[in-house]
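I opened the notebook to look up how the chains of this model meet. My entries follow in the order in which I checked things.

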Amino acid sequence: MSTHVVVLAAGQGKRMFSDLPKVAHPVAGRPMVGWVLDTVEPLKPVSTVVVVGHGADHVLQILPEGAVSALQTEQLGTGHATSVGLAAIEDIADDDVVVVLYGDTPLLTTGLVERLASLEPSEVGRLVTTTLEDPTGYGRILRADNGDVVGVVEEGDCTDEQRKIGEVNAGFYAIRARPLLTALAGLTADNAQGEYYLTDVVGILSAGGDKLVAVNASPEEVSGINSQDQLADARKVIQRRVNQRLLESGVSMLDPDRTYIDDTVEVAPGVVIYPGVHLEGSTRIGAGSRIGPDVYAKDTVVGEGNIIWYAVMRSAVIEDGCEVGPYASLRPGTVLKTGSKVGTFVETKNAVLGEGAKASHQAYLGDVTIGARTNIGAGAITVNYDGTSKNRTEIGEDTFIGSDSMLVAPLTIGDRAYTGAGSVITEDVPDDALAIERSEQKLIPDYSERRRARKARLDAED
Amino acid sequence: MSTHVVVLAAGQGKRMFSDLPKVAHPVAGRPMVGWVLDTVEPLKPVSTVVVVGHGADHVLQILPEGAVSALQTEQLGTGHATSVGLAAIEDIADDDVVVVLYGDTPLLTTGLVERLASLEPSEVGRLVTTTLEDPTGYGRILRADNGDVVGVVEEGDCTDEQRKIGEVNAGFYAIRARPLLTALAGLTADNAQGEYYLTDVVGILSAGGDKLVAVNASPEEVSGINSQDQLADARKVIQRRVNQRLLESGVSMLDPDRTYIDDTVEVAPGVVIYPGVHLEGSTRIGAGSRIGPDVYAKDTVVGEGNIIWYAVMRSAVIEDGCEVGPYASLRPGTVLKTGSKVGTFVETKNAVLGEGAKASHQAYLGDVTIGARTNIGAGAITVNYDGTSKNRTEIGEDTFIGSDSMLVAPLTIGDRAYTGAGSVITEDVPDDALAIERSEQKLIPDYSERRRARKARLDAED
Amino acid sequence: MSTHVVVLAAGQGKRMFSDLPKVAHPVAGRPMVGWVLDTVEPLKPVSTVVVVGHGADHVLQILPEGAVSALQTEQLGTGHATSVGLAAIEDIADDDVVVVLYGDTPLLTTGLVERLASLEPSEVGRLVTTTLEDPTGYGRILRADNGDVVGVVEEGDCTDEQRKIGEVNAGFYAIRARPLLTALAGLTADNAQGEYYLTDVVGILSAGGDKLVAVNASPEEVSGINSQDQLADARKVIQRRVNQRLLESGVSMLDPDRTYIDDTVEVAPGVVIYPGVHLEGSTRIGAGSRIGPDVYAKDTVVGEGNIIWYAVMRSAVIEDGCEVGPYASLRPGTVLKTGSKVGTFVETKNAVLGEGAKASHQAYLGDVTIGARTNIGAGAITVNYDGTSKNRTEIGEDTFIGSDSMLVAPLTIGDRAYTGAGSVITEDVPDDALAIERSEQKLIPDYSERRRARKARLDAED
């Protein structure tokens, strides 16, 4: 018996008020539909088809590599979408199990999908139910005295007694291929919306004497996301799951409720994370590093024993034992080699700092390679842009760049060289040399007295 | 039948440990008493009087325009305060309903006030009750077997049996004018505090055969704020209400529990807000803008499609498609025209950036107008203050201000002009010209060797 | 009857994945074991011994001054550790009460320890119990019909019926010295781990007819911290306790759940704290100061009426009425005298700002003394490091340091002096003088046209 999965992900999600297709909304670094696909992976289904519609181009881009998709060109309802999905499955046996899920239920768990899909040989199918305090609008589950599910009755068809039933159809199914296909073929669009509803399959199967077995789930697990407040709630639940996994693996967080880590991020045991930290994308943090407060890191690799706080880092690489911040911005192409430092109000871009190199204060380092142990003075700037093109600066080892030095690229400065404070360096500096660009300091004595006098004169003229 | 509202807001709130009068404490951008006044507006009362006392000058300033106030010059209790309020109502009929509320209950809802004020023709008045786990200290509600309220008994007068009653008098009333005035006239100050208690009105009315109808409310809704921990709790509840309203309207928040938005702020559907964002005062955010993490904005207008993160903005205007941050400070008078950028470690004040103008790094831009597409180099500074007065800088379009250029105001720089890196510009620069202030770069070869030698010599002398 | 306390703090805490010994992990500014020691202080025990083992060197350093410790050189179980602790108590009477606690239960309260230690004359000892939903793994409490504790039965020895008992032994004891010593002497290591278990003392005493009296506690209070997720939970509980104490004392917090204050910090009533604030170590904040959003302060003294936001401060002193931030870093040795200001993108270190002195923008002030009312221009830098040593700058009163002035230390600038924008100042400046280092500004007309032409030529050559 093989399992096939159809994930319905064609909806627009108007109530999201967003240009993103609904199932593409990110939750802890994965699109909603990605979370759903993750839950089915352990079942090793022979095929998994994602039915796309609204925003199909966008959704196709975010699907995992190798995912099969089927395009529902018209929005004709969940029954129709399921048929579209099934049509994309090449090899399916009558007894195979088709699991139908939704792309907007990121809180789904593998445990529930496994319970849903584990049909006994005698069973035609299963459906997921959940029990709501206010079941208004949902199809109620009718059970016989022995607990068997004997039907699902829609809101509109409920007797007053049935309307009080709290157990409802969550809409997730696992049904054998043959009866499912037959039932789908029997659907009609005789309803207000003119759509083919997957839920009607239950009635068709029932009418044919085929009962579905109910699998009860918590409302949280099966809740679909249709609005920004539901999305915010789901994010909170999933972020808690991600953080709990990291805490149990030995990551220390001062306040897990204020720690935002994508599920795609790797954090080593022994890392200490302060509040207000965002780790996104392919970021990795090595053992013994201390991150935060208030750090944003995207696609950034951080080695061991670093201290990083109040910093923004994008596509940067930080080796071991470095210091970053407070108040630093590392832009793409930044590489901090072991023991180097990017301090306060320093920005880097396409910048390699050699081992033990330091830029402690207010420097702008763009398109530059800096040798080991070189010190960059406060306020030094690589003048990498001349208004037309970007140029590189090369700085050697054990060199001392004076405060407020302007390094006008293209420029090469040697090893053990010096630049004077406030100098504009436009010519290359050889090894061991001091380069300086400066006039003589002049003194105008009693200037404050003259200023006062001038001001008094000007005021008098007014 | 007309409705009049008296809001008692004269208390000092000693336990707040604050110079602010208690009812003036802000909650999500409105003073407490403002939230109370908001709840009564939908009832369209013919008069609303706020009774002020402690800190009256301050409270009067924060009342909405047109609000009527009455000054309670002596603190003689809630009954006296109510009389003071009623005296300020010019036209009142015997059958009119007087609603008495408090300025320190910001969690009050319009729903409750409506229930309170909706007297049946047969009713003399209503009072709000709530049920507490620990009712100690509150007047207990006595009910007949049929549920009718037959009295309120104060803690001190309770039998042991009555002391177990959890339903208590919340102190909010809606009573017809004539019986209320009569009862108030009958109050005495025969108690430990020597005050006239509004609550005694219930007993006086009861004694005259006039029963009040109870309206039950949740303890949260009627809780008065008397301490900083109660204020913090109230802020949490109200911030959740404000954020829930925004989420439902289509605003996306990654973590609503760390998003601080005044009720006075407008955020368009489709805006994405990261954690650690504070939006205050008259701030407005346009569609498609992404705000945060860690942004503070007060009285700032943000257009559409902007990306703003790690920034502080006060009384600024940002048009569309701009980038701000990470780490930027926009002070009052900043205008960013469409497509302009204020980047990392840049501060602006009274600064207009033209369309597509960019100041990407470490610039200070004060009292300046910058033309379209002009690029401000890293570390450039408008030297707007000479120790005596502030002066303006005018910069044209398509101009290139070199890194670390000091623009000594007053100064005018033309279109398509250039300034050299590290130059101090004191004279105007015409269109198309390059202005440069720089000496010649000198090289001192083998400087590092000489330094070493000198240091060795100095060390030897020690 | 005297009380002695033995705190077992020898464990390693492998599941913490940390180099820190388990009991040394900080919670709101105190190590876990410090919180436990705090709870016993009000009992005024005649002796308190901390039994240390793993990481003993580190743990000894963090114990409060005067604390007695005993080294358990081999990890032979809690019974052995208790014996080691008792051996360090010099004077102990047979009837004295020995309280045995653990170094990894920071949520313990004084109330519980008092209840535990308050033995009636007739009692041999007491033990703490707690009731768990899932008691698996814990020793169950057996009670007679009258409620008397008649034994503790370990998981492995439980009947099916006993296994359902939810009340378990929390492991905390208060036992008279003589019976405790006798029972400890009778312990054996006949178990899988080959350790001496303190819990076996209960059985030995029972066998001798000595029943212990149970003191029931909440699971939270007695929970030991064995993993990072438990540590995170404990931090949340304790931070809430600390913040609640501050709120009740009159400190205003906009969001106590995002306010991180060490228990060692003092905050005056009337202080207003915004979210994202971390106050650590010996930090003190004076009345009327506004702190945050997003401030980190360690060992920093802040006076009254200051406004500090978006700032990092370490070992700094701020007098009254100062402004700091947004985006400022105050490093050790910073002193801001009354009414001074450190503004945006300014960093200070070993820097004294006189009364009313201002550094509003992008300055680096290291190793400097600044006189009263002196103004430091944007981008000014004290060039305090020459690549070999750090040197000081002295600046007088009412002086005006021009924008981007480089003050090359050692350097003295007098009172009422001026430095020109962009000047590198290497020589001392006397009182009232203007010091300037600058070339003449040159203009190259029609530069933009020439650039265009040159670029066209170069492009043509390519």
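**Entry 1: strands across A and B.** I began with strand 39 (residues 434–437) of chain A, which is joined by four bridges to strand 40 (residues 441–444) of chain B. The two strands run antiparallel. I looked up one position and found A:Ala435 opposite B:Leu443. I note that the model is a predicted one.

**Entry 2: extent of the A/B contact.** I listed 56 residues of chain A in contact with 52 residues of chain B. The buried area between these chains is about 4,200 Å², and carbon and sulfur atoms give 57% of it. I then asked which three residues of chain A supply more of its buried area than any other three. They are A:Phe17, A:Gln228 and A:Leu434, with 12% of what chain A buries against chain B.

Entry 3: I counted two salt bridges between chain A and chain B. I looked up the one between A:Lys236 and B:Asp255, where the closest N and O atoms are 3.5 Å apart. That distance counts because the cut-off for a salt bridge is 4 Å. Between chain A and chain B, 22 residue pairs are in polar contact. Helix 9 (residues 228–248) of chain A gives the most to the side that touches chain B, namely five residues. By class, I have that side of chain A down as 29 nonpolar, seven polar and 20 charged residues.

**Entry 4: a hairpin within chain A.** I turned to strand 8 (residues 140–143) and strand 9 (residues 149–153) of chain A, an antiparallel pair with four bridges. A:Ile141 has A:Val152 as its bridge partner in strand 9. The hairpin has five residues between the strands, and A:Gly147 takes a positive phi near 95°.

**Entry 5: chain B on chain C.** I laid chain B on chain C and got an RMSD of 0.1 Å, with a turn of 120° and a shift of 0.1 Å along the axis. The two copies are therefore related as by a three-fold rotation axis.

**Entry 6: the B/C contact.** I found 56 residues of chain B and 52 residues of chain C in the contact. B:Phe17, B:Gln228 and B:Leu434 supply 13% of the area that chain B buries against chain C, more than any other three residues. There are two salt bridges between chain B and chain C. B:Lys236 forms a salt bridge with C:Asp257, with 2.3 Å between the closest N and O atoms. Four bridges join strand 39 of chain B to strand 40 of chain C, again antiparallel. In that pairing, I noted C:Lys442 as the bridge partner of B:Ile436.

Definitions and conventions. Residues are numbered from 1 along each chain as its sequence is written. Chains are lettered from A and ligands numbered from 1 in the order in which they are written. This is a predicted model: local features need pLDDT of at least 70, side-chain atom pairs count only at pLDDT 80 or more; totals for chains, interfaces and linings use all residues. Side-chain values use heavy atoms; hydrogens and water are left out. Contact means heavy atoms within 4.5 Å. Buried area is the accessible area (1.4 Å probe) that two parts lose on being put together, summed over both. A salt bridge is a side-chain nitrogen of Lys or Arg within 4 Å of a carboxyl oxygen of Asp or Glu. A polar contact is a pair of N or O atoms within 3.5 Å; within protein, one must be able to donate a hydrogen and the other to accept it, and residues adjacent in sequence count only if both atoms are side-chain atoms. Ala, Val, Leu, Ile, Met, Phe, Trp, Tyr, Cys and Pro count as nonpolar, Asp, Glu, Lys and Arg as charged, and the others, Gly among them, as polar. Two strands pair if DSSP finds at least two bridges between them. Copies are superposed by least squares on the C-alpha atoms of residues with pLDDT of at least 70 in both.
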